[in-house]
Amino acid sequence: MSVLPLVFTSGWASGINAYAVVLLLGVFGATGLSDDVPVTLQRPEVLIVAGVLFLCEAVADKIPYVDSAWDSVHTVVRPVAGAWVGALLAGHSGSLDDVVAALVGGSTALASHTVKAGTRMAVNASPEPFSNIVLSLAEDLGVGAIVAFAMFHPLAAAIVAAVLLATGLTVLVFLVSRIRRFRRRRAERRAQRRLAAQEAPPPG
């Protein structure tokens, strides 16, 4: 079977939590639970770095405003990770061109990242930690479940990921007003900080 369903699913998951995807795939390969994982993802240094960064994201992702700042930084990281994993999977299986796999993985990761980042902005329009924690835990558990499912049922997992992506993009349309409110408040806070810095007396 073509590796395309697994590439698509890993791309979707990478847009939400790229480090979890690399870590999970590496663990599945290193423990012998799957033969579909490239050796590169099983290397100890890759697993250690992915594990440390996953823990960092697990904390940052649950703090209002910090999660949105983290998402901004990862606007490039997540799509690149999705493309990298997709290319590795294609090269390992030989059933799909590396470039095509990279494009599928990267574009899918960018789409799911857009959903995640937009949803967090909407939640932070009325910041309180409970919603961020629940949403972050749901994302982590969802990524873990879908990636694990994809290792044994790649086509079914790809269908689930596609439905989740389409649903997320649809919901995002209805959250536009809240996203605009978040951006307006963030701009106001920045303006207030600049004004405070200008009005502060010079040192000495």
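Which exposed residues does the face of α7 turned away from its buried side carry? Val173 and Phe174 sit there. The legends below describe a predicted model.

Figure 1. From the N terminus on, the order of elements reads α-α-α-α-α-α-α-α. Along the principal axes, the C-alpha atoms fill a box of roughly 65 × 40 × 30 Å. The chain has 204 residues, and 43% of them count as buried. Among contacts with a separation of 6 or more, 76% join residues 24 or more positions apart.

**Figure 2. Helix α7 (residues 154–174) has a buried face and an exposed one.** The 21 residues of α7 should span 30 Å at 1.5 Å a residue, and its end C-alpha atoms are 31 Å apart, which agrees. Ala157, Ala158, Ala161, Leu165, Gly168 and Leu172 are the buried residues of α7. Seen down the axis of α7, these residues fall within an arc of 100°, so they line one face of the helix. An α-helix has 3.6 residues a turn, so residues three or four places apart point the same way. On the face of α7 turned away from the buried side, Val173 and Phe174 are exposed.

**Figure 3. Helix α1 (residues 4–30) bends at asparagine 17.** The bend is about 130°. With 27 residues, a straight helix would reach 39 Å at 1.5 Å a residue. The end C-alpha atoms of α1 are only 22 Å apart. α1 is also mostly covered, with 21 of its 27 residues buried. Glycine 32 follows α1 and has a positive phi, near 80°.

**Figure 4. Serine 10 is buried in helix α1.** What is the relative accessible area of serine 10? The value is 3%. That is under the 20% limit, so serine 10 counts as buried. A polar atom of the serine 10 side chain lies 3.0 Å from the backbone oxygen of valine 7. Beyond its neighbours within four places in sequence, serine 10 is in contact with Val21, Val85 and Leu89.

**Figure 5. The largest nonpolar core holds 30 residues.** Val3, Trp12, Leu25 and Val143 touch the most other members. Two or more residues come from each of α1, α3 (44–60), α4 (66–93), α5 (98–124), α6 (129–152) and α7. α1 gives the most, with 10 residues. Leucine 25 is in contact with Val37, Leu41, Val85, Val147 and Met151, leaving aside neighbours within four places in sequence. Another core, of 7 residues, lies apart from the largest one. Its members include Ala125, Leu172, Leu175 and Phe182.

**Figure 6. Glycine 86 lies buried in helix α4.** Its relative accessible area is 0%. Which residues does glycine 86 touch, not counting residues up to four places away in sequence? They are Val7 and Ala101. Valine 52 is 34 residues from glycine 86 along the chain, and the C-alpha atoms of the two are separated by 22 Å.

**Figure 7. The buried residues of helix α6 pack against α1, α4, α5 and α7.** α6 has 24 residues and reaches 36 Å from its first C-alpha to its last. That is close to the 34 Å expected at 1.5 Å a residue. Asn132, Ser136, Glu139, Asp140, Val143, Ile146, Val147, Ala150 and Met151 are the buried residues of α6. Val143 is also one of the residues that touch the most other members of the largest nonpolar core.

Figure 8. Is glutamate 139 buried or exposed? At 12% relative accessibility, glutamate 139 counts as buried. Leaving aside neighbours within four places in sequence, glutamate 139 is in contact with Ile16, Asp61, Lys116 and Arg120.

Technical notes
Residues are numbered from 1 along each chain as its sequence is written. This is a predicted model: local features need pLDDT of at least 70, side-chain atom pairs count only at pLDDT 80 or more; totals for chains, interfaces and linings use all residues. Side-chain values use heavy atoms; hydrogens and water are left out. Helices (H or I, at least four residues) and strands (E, at least two) are DSSP runs, numbered from the N terminus. The expected span of a helix is 1.5 Å times one less than its number of residues. Buried means under 20% relative accessible area, exposed over 50%, partly exposed in between (1.4 Å probe, protein chains only). The arc is that of the directions from the helix axis to the C-beta atoms. A polar contact is a pair of N or O atoms within 3.5 Å; within protein, one must be able to donate a hydrogen and the other to accept it, and residues adjacent in sequence count only if both atoms are side-chain atoms. Contact means heavy atoms within 4.5 Å. The bend at a residue is the angle between axes fitted to the seven residues ending there and the seven starting there. A nonpolar core is a set of buried Ala, Val, Leu, Ile, Met, Phe, Trp, Tyr and Cys residues joined through side-chain atoms within 4.5 Å.
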